[in-house]
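Subject: Structure handover

Hello,

Here is the structure you will be taking over. The sequence and coordinates come first, and my notes on what was found follow below.

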Amino acid sequence: MGKNIDEKDVVLKVEHLVKRYPVKKGVFGRAKSYVHALEDVSFELRRGETFAIVGESGCGKSTTGKCVLRLTEPTSGTVYLDGEELTALSGAELTRARQKMKLIFQDPYSSLNPRMTVADIIAEPIDIAGTYKTREERDARVERVMEAVGLDLSYKYRYPHEFSGGQRQRIGIARAIALVPEVVVCDEPVSALDVSVQAKVINLLERLQDELGLSYVFISHDLSVVKHIADTVMVMYLGHAMELASADELFSNPLHPYTQALLDVIPRIADERIQDKRILQGDVPSPTNPPSGCAFSTRCPKCMAVCRERVPEKFEVEPGHACRCHLFDESLSEAERQFVAGKEA
Ligand code: SF4
C-alpha cells in the first residue's frame, strides 16, 4: 500500500527517480553492466502549469516521461499523481489512475493508426472510459474536442494520411485531451514539424491549458520553444537533473555551466546575454560508462579537482533555484577547487 500526499497545488510529484537498464550478454546472460538512464531525479508539477524538461538527446528526458506514465518501470523512486502514489499501484487501480494522464507523441506521422478515421481516433479514449450513455453523446463529445483543437468537422471520417503534419498533431492533441486529463506529457510535440507550424501548435497547447486547466510535462531539446511555454524548467544531462528553476530565473540567471553553454548557442537567447560564448566541446559520454564524479566533468569548462572525484549534491542556490554543481559548495578546500578543465579524465 503506497502513501498518499496532500499538496493541493501539486498535481504531479516525482521523488528520487532512478532508471537503470541492464546490458546483458546473450539472451539468458547476467547483466554485464547498466545503462544509467536516470539518476535521482525529483520535481513537482503545479496544477495548470508547464514543467519543461530539456537537454540533449539521450539525457533521460523521455525516460523521465515514460517512468511518470509508468510506460517504463522505474528502478526506484516514487511518482505521486494527485496525491496518490502511482508507483505503488497495479492492475485495475493503475489503469484507472492512468486515465488521468495522457501522452502527446513526437511523431504525428507514426502515432496515429492509419486505418482509423479521425473521429474514431479521438473517440478511442472516450470509448475505453465508457463515459457516455448514447452514441449521440459520444459523437457530440468528439465534435466538441475537434472544434477545441481547430479541426474542421468535415474531417471526421477522413484518415490520417490525408492530413499535413500540423493537422495530424492536432488530431494527436485532440485524442490526448478528449477526457480532460490531469496531466499531459508532451514528448517533443513540435520537433517533427516545420518551424512555421510549430508556433501554431504551441499556441494551441497554451490556449487549451488556459481553457481546460491542463498541466503539462513538456519534454524538448529546443530551449527557444521551452522559453516560450514553460513555467518551470529542469535541465538534464546524462540522466541527472543539473539545474531546476522558474523559466524566468533560468533564462535570465543560468547557474550551471551546462545550462550556460546550452543558452549561449541559441541565437535569440544568446544575443540578449553575453558576447563571450561558451561552446560545448566533445561528445556526451556513454550512459553505460558515465564519468566518475560530476557527469558533466568531461566537458565542463570550469571543472575542478573535486569534480572528477565526487558526484555534486543539489544546492538550493536561491529559493526555488537548485543547481547540481560543486561550484556552489562553500565547504570545498583550496585543493578541491583547483581548476583542471582541459586535462584528460
Ligand atoms: Fe563543472 Fe564541476 Fe560543476 Fe560539474 S560540478 S558542472 S564539472 S564545475
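Helix 3 and helix 4 cross in the right-handed sense. This is a predicted model, and that applies to everything below. Helix 3 covers residues 118-129 and helix 4 covers residues 135-148; their axes come within 10 Å of each other and cross at roughly 115°. Helix 3 is therefore roughly perpendicular to helix 4. On the helix 3 side the contact is made by Val-118, Ala-119, Asp-120, Ile-122, Ala-123, Ile-126 and Asp-127, and on the helix 4 side by Arg-138, Arg-141, Val-142, Val-145 and Met-146. By class, the residues of this contact between helix 3 and helix 4 are eight nonpolar and four charged, with no polar ones.

The crossing of helix 5 past helix 6 is right-handed. Helix 5 contributes Gly-166, Gln-169, Arg-170, Ile-173 and Ile-177, which meet Val-197, Lys-200, Val-201, Leu-204, Leu-205, Leu-208 and Leu-212 of helix 6. The contact of helix 5 with helix 6 has eight nonpolar, two polar and two charged residues.

Eight strands make up an open sheet with mixed pairing, and their order is 6-7-8-3-9-10-12-11. Strand 6 (101-104) and strand 11 are the edge strands, each pairing on one side only. From one strand to the next, the twist averages 20°.

- Strand 7 (residues 183-187) and strand 8 (residues 215-220) run parallel and are joined by five bridges. Val-183 has Ser-215 in strand 8 as its bridge partner.
- Strand 11 (residues 315-318) and strand 12 (residues 321-323) are antiparallel, with three bridges. Phe-315 is bridged to Cys-323 in strand 12. These two strands form a hairpin with two residues between them, and Gly-320 in the turn has a positive phi of about 80°.

Strand 1 has two pairings to report:

- With strand 2 (residues 31-46), strand 1 (residues 10-24) pairs in the antiparallel sense over eleven bridges. Tyr-21 has Val-35 in strand 2 as its bridge partner.
- With strand 4 (residues 76-81), strand 1 also pairs in the antiparallel sense, over five bridges. Val-14 is bridged to Val-79 in strand 4.

Last, the ligand. Which residues lie around the ligand? They are His-256, Pro-257, Cys-294, Phe-296, Ser-297, Cys-300, Lys-302, Cys-307, Pro-312, Cys-325, His-326 and Leu-327. Sorted by class, this shell has eight nonpolar residues, three polar residues and one charged residue.

Regards

Technical notes. Residues numbered from 1 in each chain as written. Predicted model: local features only at pLDDT ≥ 70, side-chain atom pairs only at ≥ 80, totals over all residues. Heavy atoms only, no water. Near = heavy atom within 4 Å. Nonpolar A, V, L, I, M, F, W, Y, C, P; charged D, E, K, R; others polar. Left-handed = near helix turned anticlockwise from the far one by under 90°. Helix = DSSP H or I, 4+ residues; strand = E, 2+ residues; numbered from the N terminus. Contact = heavy atoms within 4.5 Å. Pairing = 2+ DSSP bridges. Axes fitted to C-alpha atoms, helices over the stretch in contact; angles between N-to-C directions. Parallel < 35°, antiparallel > 145°, perpendicular 65-115°, else oblique.
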